[in-house]
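Here's a quick tour for anyone meeting this structure for the first time. Have a look at it below, and then we'll walk through its inside.

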Amino acid sequence: MTKTQSNFSQLKDFLGYLATVKGDLSNITAPPFVLSPKSVTEIPASWAERHQLFLQPAVEDDPARRALLILKNFVCSLKRQVYSAASEESDGGAKKPLNAFLGELFLGTFEDEASGSRTQLVSEQVSHHPPVTACFLYNRDHRISSSGYVAQETSFSPTSGVTVRQVGHAIIRDETHGESHLMTLPVMAIKGLLAGKPYPELQGTCYISSSSGYLATIEFEGKKALGFGTKNCVSAELRNIRDGGKLLYELEGQWNGKLTIKDSAQGLNLEEFDVDDMPHTELCVKPLEEQSPWESRRAWAGVLEGIRTGDMRAVNDAKSQIEEAQREIREVEREAGVEWHRVFFTNADSHQEFEVLAGPIPDDDAKSLRQERTAGVWKFIGIDAAEKILESGNFHSSLEPTGQPTRHT
């Protein structure tokens, strides 16, 4: 049996199993050949990977153009979010990222060599049931940051494939101009599973609501069940809600390909570009030996190696060691009546900034916090407090994710 035939056989068995599972599938382990050698905690890095674009609103004078730049970065970040292993897979196929364990961290920086400016990423798995990842990105020099959290609710149907509903939001804060921009998140889907050729689609409508009075509405559409239409299509409108909803800019194309931005008032195309041609900055991450045992790539090192070599036994053995230890830690916590300590985020019952920014959004579901589905409202502890922790490297000093005491070197 060839490797391709073996993979297809495993995929058929896996899909048959999924069809029998009721409820959320977020914690199901997939065969190695459909797994990404990355954890879900790495996904938030995509918000700032087009680093120049991420920083650009801070130096733009016109508020409408700032809102347009936020929209452009949002759309340009989608490919790296959805194709979680695109930089490592020659076929660009859709891959399932690893399920993060509670307390898992992913830390890194984007460096701008020309200016010496640095953007810090802090990503933490703040809940396991439901699985929730919280993140914060900030650049002190440009006084711009992005904060947010998301719970992923996964379901499967033989006809529609795998559907991942993202419950959560992100907020871009531009301190230079005193602006905030609330972003809601699209539904992700994996199509083509029954044919053994999975590919991603985005579905539904999401919004970017700006404190400066602009609202972007983003619509996603792909191939229909009978094969009609084009994959990965996106269209967006940016309107001035303080001027009767006047249409200012339109964006259309494919979120993983070519896009066009149009000045609606003048009827002119402002820009045509391919997402892959946008400057991309790699995240700088410490070498494994310098990372904490709680940092994603070190914690999952054995699993990642098994995925890369297609060794299911190695994947299962390495995953089981962490997962069984995590269950034991949770049991100890229940017996002691204590809750796991989050390092960089705290839990709250409300979010006033979200409520204000969500006001203009016309969709009641999109403008709701839905904290019962995200295990609360997750807020960053603050840059100064976080930098002290980052400098010390002291996250969970006495314990490793495997439940073993920390080995000091």
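Which helices each supply at least two residues of the lining of the second largest cavity? They are helix H2 (51-55) and H3. Keep in mind that this is a predicted model.

H3 gives the most to that lining, with 4 residues. The cavity itself holds about 50 Å³ of space, and a search of the whole structure turns up 3 cavities of 30 Å³ or more.

Now for the charged pairs. The structure holds 15 salt bridges, and here are some of them:

| Salt bridge | Closest N and O atoms |
|---|---|
| Arg66 and Glu179 | 2.5 Å |
| Arg140 and Asp384 | 2.7 Å |
| Glu333 and Arg330 | 2.8 Å |

Arg66 is buried, at 5% relative accessible area, and Glu179 is buried too, at 7%. In the second pair, Arg140 is partly exposed at 44%, while Asp384 is exposed at 54%. Glu333 and Arg330 are 3 residues apart in helix H6 (residues 312-336), so about one helical turn separates them. Both Glu333 and Arg330 are buried. Finally, salt bridges with shared partners tie Arg140, Asp384 and Glu387 into one network.

Definitions and conventions:
Residues are numbered from 1 along each chain as its sequence is written. This is a predicted model: local features need pLDDT of at least 70, side-chain atom pairs count only at pLDDT 80 or more; totals for chains, interfaces and linings use all residues. Side-chain values use heavy atoms; hydrogens and water are left out. On a 1 Å grid over the protein atoms alone, a cavity is a set of points where a 1.4 Å probe fits but cannot get out, and a pocket is an open set with protein on both sides within 12 Å along at least five of seven lines; lining residues have an atom within 4 Å of a point. Grid points are joined across faces, edges and corners, and a volume is the space filled by probe spheres set on the points. A salt bridge is a side-chain nitrogen of Lys or Arg within 4 Å of a carboxyl oxygen of Asp or Glu. Buried means under 20% relative accessible area, exposed over 50%, partly exposed in between (1.4 Å probe, protein chains only).
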